[in-house]
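Please study the structure shown below together with its sequence. The dialogue that comes after is meant for a student who is learning to read such a model.

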Amino acid sequence: MAVMMSCRKYIAPLVFCAQVASSFFDTALQMVVKERCANPDRDTEQKAITNFNMAFNMVLKFMPIVPAILLAKVGDRGYRKVPIVVPLVGYFLSRGLLLLDIVLEWPVQVLYAVPVIHGLCGGFASYWAGVMALVSVCSGEEERSVRIMRTELVYGIAGFIGSLASGHLFNLYTVDLKQGAILSSFSVLLYFLCLLYAAFFLQIDFSELGERQERRESVGIINHEARDKINIALLFVSGILYDIAVAGGMEMLAAYVLKDPLNWGATEVGYGNAAGSLLFVTSFLGVKMFTRCSVRDESMVMIGMVSFAAGIYFMAFVTTTPMYFLARSVTLFALIPMPTIRSLLSKQVRGTSYGITFVMLQLSFKLASLVTTPIYTEIYQATLDTFPGFVFILSSIFTVLSMIPISIVGCRSARQDGYERIQGN
């Protein structure tokens, strides 16, 4: 029990600080790209922004594949800090490059080096999988969904605070410092503090973690000795389809809000990102409420998917800022599915495989998006003059498709639970 408490106590400050830094970076990058791609012809500007975002995101998703797998294997051997510390080095160096680009006014193409540096150190795939593996090892099966969602809550609150402040900080500048330099400097500083914290202050008792893990497995926390490969496959398919829907929709939304009729500036972009981060709070409260009502994990995933499908469909018809925030409010449970799918996966594999399982899930998202990101971008550019919100309807369709595998998992699990109860009697 002491181990569980210490893991929760020490990981939360790191997650919080890193996400505030990430929020600062996201706003700075979005506004710098908008400024560098500025063009009197709005359609030309939108195409330049979406082309940059497409190339940037594809490199971001491709580069971490091999490093993340290697780091996950190291983490599963007991070195749980490694998949967290190494990516933070990449975060620190790559965010520093954005600061240099702003101060020295380098060409926007230099920023393509950001995802390269970030990815070679494992990227978000390694960092977040490392955090999730640590939280999973430090929690029991019954409480795992809430524990993982609680970590996501810390992540979301940090994103909310960082996003609210980022738009205002971006507009701060002096004679010597260009617009965005102060915001980017804060991001680099926070990542440096995160790196120091993770390397020297994050404490994990490896021996106790190992004893706890062996004790769980010996009493049969993982049933039938073998993994349920069908459930694992279905969970992966459901997660991939849902990630395609969310990532594809959100990537296009970042460009959509910068064009008419919304035509947002830095402050509005920050508020929009904050609204997205607020979903972590509403999703966490949803998990708490549904858990108390004894709602199964698979049902919670379905509820979250319905929430996102409805909200992103509404987003296709948004023409004003109030309508945007109304559409966002409909997606209040949209962040329930992913952490709950991770929790379900952790119940299908042994503790020594948490790291590699979570990394493979993250990497499967990235590989799928390497195909879907260009498709989303092409569709968005092709419909700019007719119906630019069509990509959001496409995301809604993908979300509905992702409900099919998770519903099958729910039926299989319910049948298996009923069979075990009969055997027990």
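Predicted model: local features only at pLDDT ≥ 70, side-chain atom pairs only at ≥ 80, totals over all residues.

Q: How many helices and strands does the protein have?
A: The protein contains 16 helices and zero strands. Of its 425 residues, 56% are buried.

Q: What share of the contacts between residues at least 6 apart in sequence joins residues at least 24 apart?
A: Such contacts show which parts of the sequence meet in the fold. In this protein, 85% of the contacts between residues at least 6 apart join residues at least 24 apart.

Q: Is M252 buried or exposed?
A: A residue counts as buried when its relative accessible area is under 20%. M252 has a relative accessibility of 3% and is therefore buried. Its place is in helix 10, which covers residues 229–256.

Q: Which residues does M252 contact, leaving aside its neighbours within four places in sequence?
A: M252 is in contact with Y376, T377, Y380, V391 and F392. The pair M252 and F392 illustrates how sequence and space may be compared: these two residues are 140 residues apart in sequence, and their C-alpha atoms are 8.3 Å apart in space.

Q: Where is S187 found, and which residues does S187 touch?
A: S187 belongs to helix 8, residues 181–200. With residues up to four places away in sequence not counted, S187 touches A21, F24, F25 and R95. S187 counts as buried because its relative accessibility is 1%.

Q: How do helix 2 and helix 5 cross, and at what angle?
A: The axes of helix 2 (residues 42–62) and helix 5 (residues 113–120) come within 8 Å of each other, crossing at roughly 15°. Angles under 35 degrees count as roughly parallel, so helix 2 is roughly parallel to helix 5. Their crossing is right-handed.

Q: Which residues of helix 2 and helix 5 meet?
A: From helix 2, F56, V59 and L60 meet V114, P115, V116 and H118 of helix 5. The residues of this contact comprise six nonpolar, one polar and no charged.

Q: How do helix 10 and helix 12 cross?
A: The axes of helix 10 and helix 12 (residues 297–315) come within 12 Å and cross at roughly 30°. This angle makes helix 10 roughly parallel to helix 12. The crossing is left-handed.

Q: Which residues of helix 10 and helix 12 make the contact?
A: Helix 10 supplies S238, Y242, A245, V246, M250, L253 and Y256, while helix 12 supplies G304, M305, F308, I312 and M315. Sorted by class, the contact of helix 10 with helix 12 has ten nonpolar, two polar and no charged residues.

Q: How many salt bridges are there?
A: To find a salt bridge, one looks for a side-chain nitrogen of Lys or Arg within 4 Å of a carboxyl oxygen of Asp or Glu. By this rule there are seven salt bridges. One of them joins the side chains of K61 and E251, at 2.5 Å from N to O. K61 lies in helix 2 and E251 in helix 10, so this pair ties together parts that are 190 residues apart in sequence. K61 is buried, with a relative accessible area of 9%, and E251 is buried as well, with 14%.

Q: What parts does the salt bridge of E152 and R342 tie together?
A: The side chains of E152 and R342 meet at 3.3 Å, N to O. E152 lies in helix 7 (residues 144–170) and R342 in helix 14 (residues 337–346), so the pair links parts that are 190 residues apart in sequence. Both E152 and R342 are buried.

Q: What is the N to O distance in the salt bridge of R80 and D76?
A: The side chains of R80 and D76 meet at 3.1 Å. Both of these residues are buried.

Q: Which residues does a cis peptide bond join?
A: The angle to read here is omega. A cis peptide bond joins D260 and P261, with omega about 10°. P261 is in the loop between helix 10 and helix 11 (266–292).

Q: Where is E105 found, and is E105 buried or exposed?
A: E105 lies in the loop between helix 4 (82–104) and helix 5. E105 is exposed, with a relative accessible area of 54%. Its phi is near 55°, a positive value in a residue other than glycine.

Q: What is the phi of S294?
A: S294 is not a glycine, yet its phi is positive, at about 60°. S294 is found in the loop between helix 11 and helix 12. At 64% relative accessibility, S294 counts as exposed.

Technical notes
Residues numbered from 1 in each chain as written. Heavy atoms only, no water. Helix = DSSP H or I, 4+ residues; strand = E, 2+ residues; numbered from the N terminus. Buried < 20%, exposed > 50% of the residue type's maximum accessible area, 1.4 Å probe, protein only. Contact = heavy atoms within 4.5 Å. Axes fitted to C-alpha atoms, helices over the stretch in contact; angles between N-to-C directions. Parallel < 35°, antiparallel > 145°, perpendicular 65-115°, else oblique. Left-handed = near helix turned anticlockwise from the far one by under 90°. Nonpolar A, V, L, I, M, F, W, Y, C, P; charged D, E, K, R; others polar.
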